[in-house]
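Here is a short note to read beside the model. Keep the structure open and follow the points in order.

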Amino acid sequence: MTEHTIYIHGIVLNEETRCTLADLCLLCGVNAEVIHEMIDEGIVTPEGFSSREWSFSAIAVKRVQTAIRLQRDLRVNLPGCALALDLLEELEALRPLCRRR
Amino acid sequence: MHFFLFFLISYSYFLQRYTNGPHADRHTMEYKDYYTILGVSREATQDQIKQAYRKVARKFHPDVSKESDAETKFKDIGEAYEVLRDPEKRAAYDKFGSNWREGQHFEPPPHWDAGFEFRGAGYTGGQSGGFSDFFESLFGQSQAGRQRSHVFRMQGEDQHAKIVIPLRDAYSGARQTITLTRPTVDNDGRVSTSPHTLHVVIPKGIVEGQRIRLEGQGLPGYGGSPAGDLYLEIVFQEDPLFHAEKRDIHLTLPVTPWEAALGATVAVPTLDGAVQVKIPPGSQSGKKLRLKGKGLCTANQRGDQIVTLQIVIPEANTDAQRNLYRAMAEQMPFNPRTGMEH
């Protein structure tokens, strides 16, 4: 008997992949109000004029999910989350450089 | 197809709840030294415990820490604080005395909790479940855990995992088979874990740190609700020749002084096999050559290979060889330190 292996294709969450406000809410398990607050804080930035037209880079999914965990686990407020996310991104960029030195 | 290293990170705590859940074998239970976990003395005040908790929680938060066991440590820290923050639980825990060591085989003496009221009621504090067998045998299950049996419909939780792939797989795309540990519940409500194997496509041109979302491949839902999603974060395996910086692949290429001085065509390894590269005459060490499209490319984005030349001088071991260097010194006198005089 021949066995056929089915390989699953996922979606790569990179700058090219776009998602709507509804997608972002669904993926992160939050309501639109939470995303609005994060936009005000500069945690994620949509493209488009009205919230219906908003489109986010899929990178936003990770930022929102991380912000939610930082709020829940470490009681970091939203401005603190914005700062932590920017610093974490910088760290991520610098760590490989340090490793090679 | 390669399967190199796979480790699971579950921010949901759900997995740990069932892995270490109430059905686990009591005989394997290990003592947990909550004071050591938080790094405080047994005499610490409640304020000191709170401060120590906040400090270590920040340090080992899985989103912040790069330590490979941050997830486990963060869970232990939360559990330790859950006990030590509450004077009553702390007093009960302290009854075991200070002779116990972390990891030591442990079984609570009968009626150890006489005089305390938390037993059986389940603890009320804490934001997460998934505490250890040790904790649950002493203080009962979390409210969330107890309520779970009354929830008829619940979407499955998302799972987060890292997958380590060789650069070559990122360059050309690959297929991988990965295995996750999943909790399963039988008809009697007993929980065990079982391996869950997935065959996934690694898309061509994926970059380190990017995540692949596999819809519906997270933990199963309850009562007909959909499963959660699985997020796979890409980590590149260390490569002896290449390293990636975003889409670009870097390689240091050793060349001889005459190749660098006179120019040459040499074979250069790429992730796509060796290619012939022309080294221009008069190249200095550190010169960078760009091989277009030999980095991590997708349909819309291009990465290049950056080749950095490194001139390696041959050792002069014989008189004839030393004379060659001397002849060079005579024929082409030059001072590379011009401008450094003080």
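1. B:Lys246 sits in the loop between β7 and β8 of chain B. Helices and strands here are DSSP runs (helices H or I, at least four residues; strands E, at least two), numbered from the N terminus. B:Lys246 is not a glycine, yet its phi is positive, about 50 degrees. Most residues other than glycine have a negative phi. B:Lys246 counts as partly exposed, because it has 14 C-beta neighbours inside 10 Å. The cut-offs: 20 or more other C-beta atoms within 10 Å of a residue's own make it buried, 12 or fewer exposed, anything in between partly exposed, with C-beta atoms placed from the backbone.

2. A word on the source. This is a predicted model, where local features need pLDDT of at least 70 and side-chain atom pairs count only at pLDDT 80 or more, while totals for chains, interfaces and linings use all residues. Residues are numbered from 1 along each chain as its sequence is written, and chains are lettered from A and ligands numbered from 1 in the order in which they are written.

3. β7(B) and β8 (residues 248-255) of chain B are antiparallel, with 4 bridges. Two strands pair if DSSP finds at least two bridges between them. B:His243 is opposite B:His250 in β8(B).

4. Now the whole sheet. It is open, has 4 strands in the order β7-β8-β12-β11 (chain B), and its pairing is mixed. β7 (242-245) and β11 (288-291) of chain B are at the edges with a single partner strand each, so one side of each lacks a neighbour in the sheet. From one strand to the next, the twist averages 30 degrees.

5. Look next at β6 (residues 230-236) of chain B. Of its 7 residues, 5 are buried, so the strand is largely enclosed by the rest of the structure. β2 (residues 159-165) of chain B runs parallel to β6(B), joined by 7 bridges. There, B:Ile163 has B:Ile234 as its bridge partner. β5 (residues 211-214) of chain B runs antiparallel to β6(B), joined by 4 bridges. B:Arg211 is opposite B:Glu233 in β6(B).

6. In total, 24 residues of chain B contact 21 residues of chain A. A contact means C-beta atoms, placed from the backbone, within 7 Å. On the chain B side, α3 (46-60), β4 (191-202) and β5 each supply at least two residues.

7. α3(B) also packs against α4 (residues 70-84) of chain B. The angle is about 165 degrees, and the axes are 9 Å apart. Axes are lines fitted to C-alpha atoms, for helices over the stretch in contact, and angles run from 0 to 180 degrees between N-to-C directions. The two helices are therefore roughly antiparallel (angles over 145 degrees count as such). In α3(B), B:Tyr53 and B:Phe60 are among the contact residues. In α4(B), they include B:Phe74 and B:Leu84.

8. One more positive phi, in chain A. A:Arg75 has a phi of about 55 degrees and is not a glycine. A:Arg75 lies in the loop between α3 (59-74) and α4 (78-100) of chain A. A:Arg75 counts as exposed, because it has 11 C-beta neighbours inside 10 Å.

Terms used: Contact = placed C-beta atoms within 7 Å. Parallel < 35°, antiparallel > 145°, perpendicular 65-115°, else oblique.
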